[in-house]
Amino acid sequence: MELQPNPNSPHVAVNIGSSSANETRSPRVGIDRPPIFVLSFTDITYKVNQTKKLSLSSFTKSSKGDSAERPRVRTLLDSVSGEAREGELFAILGASGSGKSTLIDALANRIVRESLNGTICLNGESLESRLLKVLSAYVMQDDLLYPMLTVKETLMYAAEFRLPRSVSKEKKKKRVEELITQLGLEAATNTIIGDEGHRGVSGGERRRVSIGIDIVHDPILLFLDEPTSGLDSTSAFMVVEVLKKIARRGSIVMLSIHQPSYRILNLLDRVLFLSRGQTVFYGPPSSLSMYFAEFGTPIPDNENPTEFALDQIREREATMDGARELVEFNKTWKRQHPDLFSSDRGDTPHIPLDQAIVGSFASGRLVSGSNGTNSMTVASVRKFTNPFWIEMGVLMKRAFTNTNRMPELFMIRLGAVLITGIILATIYWRLDNTPKGVQERMGFFAIAMSTMFYTCADALPVFMQERYIYLRETAHNAYRKSSFVLSNAIVSFPPLILLSIGFALTTFFAVGLDGGMMGFFFYTAIILASFWAGSGFVTFLSGIVSHIIVGYTIVVAILAYYLLFSGFFINRDRIPEYWIWFHYMSLVKYPYQAVMQNEFSDPNKCFVRGTQMFDNTPIEPFNQSTKVEVLASISSSLHMSLTNTTCITTGPDILQRNSVQDLSKWNCLWVTVAWGFFFRFLFFVWLLVGSKNKRK
């Protein structure tokens with residue numbers, strides 16, 4: 001894949017040649033020109049406040065009038081410095097809790113800059129966040145991939161996101177094929193990623209796919225958080241070998257790694273050992289033996305230098321002073337061997353940042369930030385690679401592909417809705433037009449409408465499972481948050497139509513509801529609107545709740561409150577004033593009122609005739625002749641003609657008695673639809689303000 005530079009452009013000062021999949025560039029280390037990109041970091045310090053957990057003793061001190069303890073400040077990084085250069089593999093090592101991942105996050109701009117002290121520069125210049133997102137890629141420790149997509153599809157969707165529309169479909173396919181070859185994934189090209197229930201690629205292949213989706217746009221800076229974690233030695237070596245090739249193609253590759261094997265150590269160009277956020281050793285791996293020999297603990301023959309170094313660090317961390325002795329010795333040793341760190345002092349010149357970036361654009365690199373023209377400047381770098389509608393199309397296509405390969409999920413949901421409908425239909429079979437039939441209809445409507453919302457709870461894990469995929473992709477502006485929200489809503493809508501039709505067909509005619517075909521269509525529409533509002537509500541909750549069990553608890557509780565205040569258990573005019581606001585907030589209120597009006601709006605349909613008015617009264621147990629006599633007596637007293645066939649209560653009377661006429665059925669339908677949009681808007685707002693990719 002190449003973007004041809006414009007020979008007349010004054011900005012193109014550096015020519016970085018592209019290479020094919022079968023061609024490996026020679027290392028840029030030691031070439032007869034200055035390196036194009038150099039990342040340097042000096043005195044990086046990061047501190048966090050740790051508040052003390054609540055305990056009985058803290059309450060006791062508070063009751064005695066003692067002042068509250070100040071939060072303890074913990075230093076995660078303490079004056080860490082180093083330099084990573086194009087063509088090199090830079091590894092950060094240390095025991096668990098040493099600060100490896102924190103340093104990677106700091107360099108990758110995943111920590112709020114105001115919380116950091118020190119300087120981070122590329123070619124001697126600080127980077128703004130927008131430009132760094134174009135220049136870099138970050139590979140998380142966990143493999144966050146869609147399980148039902150194949151390796152090729154996963155990389156192809158990444159190419160669709162990160163490469164602009166000015167790059168043709170054929171060139172994108174060619175880039176993906178080159179990437180598959182580069183990552184050594186030819187044998188797994190058409191294999192699905194897989195998960196616990198679906199057999200897919202191996203762990204090492206998953207890790208290489210995770211790397212591939214973040215380097216599809218050929219970034220200059222590549223950060224990886226423990227890419228070998230959980231892999232066997234062979235798979236780990238293959239992953240690092242791939243990273244070495246990426247570095248030699250002209251990238252700065254920085255990774256944290258726990259305990260590399262001897263083979264992996266030979267692939268590294270620079271290593272930095274940390275202990276409790278402090279530098280214990282920094283330099284080329286080949287100098288480890290000299291370092292520890294001068295420290296007084298020479299590395300035995302045939303022992304892995306990194307294992308020996310980590311053992312030395314752990315032994316000292318168990319003491320009161322920690323690894324302070326090694327930290328101080330590292331400072332002295334660095335001054336005694338300036339020849340090993342000449343480049344870190346700036347002795348080696350490098351190309352100005354603007355010129356290097358423009359040259360990368362001109363040669364076809366960093367195309368995710370290009371504007372599709374041959375003449376690029378740093379100022380013209382775009383925040384997002386593609387327009388809104390292209391992002392929407394790719395997101396929808398990917399979601400449909402992934403879900404269509406798991407039809408069992410929809411079938412389970414459809415089965416639950418149909419079984420619920422069948423149970424309700426058989427319980428409320430062919431309801432009659434009597435006072436008891438009216439009560440049974442109202443009970444059916446309350447249960448049926450609330451069921452729509454409860455069955456939407458299965459959407460809760462969807463975003464929660466995709467949360468970290470979303471965070472990874474939006475961290476480098478692969479697509480807009482608005483594109484994600486809208487595509488999510490569109491993809492989730494077609495299944496709701498099928499569920500609505502299925503439930504309506506199962507219950508409407510079996511229960512004997514009124515309204516004919518027009519009534520059936522409205523009944524189906526309000527069910528669909530209920531599904532839409534319910535799925536929007538659950539989608540919003542999935543964004544703000546981090547645990548599935550907590551999410552289900554909240555959903556069930558809130559939906560129970562919605563049903564309580566819907567108007568079925570207590571009429572609107574009987575709800576206390578201080579709770580009436582919750583009645584209008586209830587999602588169940590509006591579909592319940594809509595189906596009530598759809599059923600009881602006909603003034604010519606009678607539900608209580610003559611002696612039926614005595615149902616649910618003390619007179620009900622008496623025989624029919626006695627009821628007729630009582631009815632005649634009432635008729636005489638009221639000077640009215642009341643017979644056993646006289647209509648006492650019509651449908652509108654029932655609506656008035658239950659206080660469900662404050663809105664028309666069509667207004668109830670539109671309000672329910674509006675609730676669905678409102679909750680998705682809240683979901684979007686939460687993604688903007690509450691879903692951050694940075695630590696504070």
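I started from the cut-off: a disulfide is a pair of cysteine sulfur atoms within 2.5 Å. By that rule I get one disulfide.

**Ground rules**

This is a predicted model, so I keep local features to pLDDT of at least 70 and side-chain atom pairs to pLDDT 80 or more, while totals for chains, interfaces and linings use all residues. Residues are numbered from 1 along each chain as its sequence is written, and side-chain values use heavy atoms, with hydrogens and water left out.

**Entry 1: the cysteines**

Which cysteines form the disulfide? They are C606 and C647, with their sulfur atoms 2.2 Å apart. The pair joins distant parts of the chain, 41 residues apart: C606 sits in strand β11 (residues 606-609) and C647 in strand β12 (residues 647-650). For the record, helices (H or I, at least four residues) and strands (E, at least two) are DSSP runs, numbered from the N terminus. I checked the handedness too: the torsion about the S-S bond is about 110°, so the disulfide of C606 and C647 is right-handed.

Next I looked up burial, where buried means under 20% relative accessible area, exposed over 50%, and partly exposed in between (1.4 Å probe, protein chains only). C606 counts as buried at 8% relative accessibility, whereas C647 is partly exposed at 34%. I also looked at C456, which is buried with a relative accessible area of 0%, and at C668, buried with 0%.

**Entry 2: the chain overall**

I count 24 helices and twelve strands in the protein chain. Of its 696 residues, 52% are buried. For contacts (heavy atoms within 4.5 Å), I took those in the chain with a separation of 6 or more, and residues 24 or more positions apart account for 78% of them. The accessible surface comes to about 31600 Å², with 56% of it belonging to carbon and sulfur atoms; these areas come from the Shrake-Rupley method with a 1.4 Å probe, and for residues only the protein chains shown count as cover.

**Entry 3: annotated spans**

Residues 443-463 are 76% helix and 0% strand, with end C-alpha atoms 33 Å apart. Residues 548-570 are 74% helix and 0% strand, and their end C-alpha atoms lie 32 Å apart.

**Entry 4: two helices**

Helix α17 (residues 481-511) has 31 residues and reaches 44 Å from first C-alpha to last, close to the 45 Å expected at 1.5 Å a residue. The expected span here is 1.5 Å times one less than the number of residues. Where is the kink in α17? I find it at F493, about 30°, shortly before the proline P494; the bend at a residue is the angle between axes fitted to the seven residues ending there and the seven starting there. Just after α17, G512 takes a positive phi of about 85°.

Helix α21 (residues 589-600) has twelve residues and spans 16 Å, close to the 16 Å expected. Twelve of its twelve residues are buried, so α21 is largely enclosed by the rest of the structure. Its buried residues pack against α15 (435-454), α18 (516-544), α20 (580-585), β11, α23 (651-657) and α24 (665-689).

**Entry 5: single residues**

M140 is in the loop between β6 (136-139) and α4 (151-162), and is buried at 12% relative accessible area. M140 and R472 are 332 residues apart in sequence, yet 7.7 Å apart in space, C-alpha to C-alpha. Leaving out residues up to four places away in sequence, M140 touches R110, D225, Y468, L471 and R472.

R316 lies in helix α10 (residues 305-317) and counts as buried at 15% relative accessibility.

Most residues other than glycine have a negative phi. N123 has a positive phi near 55°, in the loop between β4 (116-122) and β5 (125-126), and is buried at 4%. R276 also has a positive phi, about 55°, in the loop between β9 (270-275) and β10 (278-283), but R276 is partly exposed at 44%.
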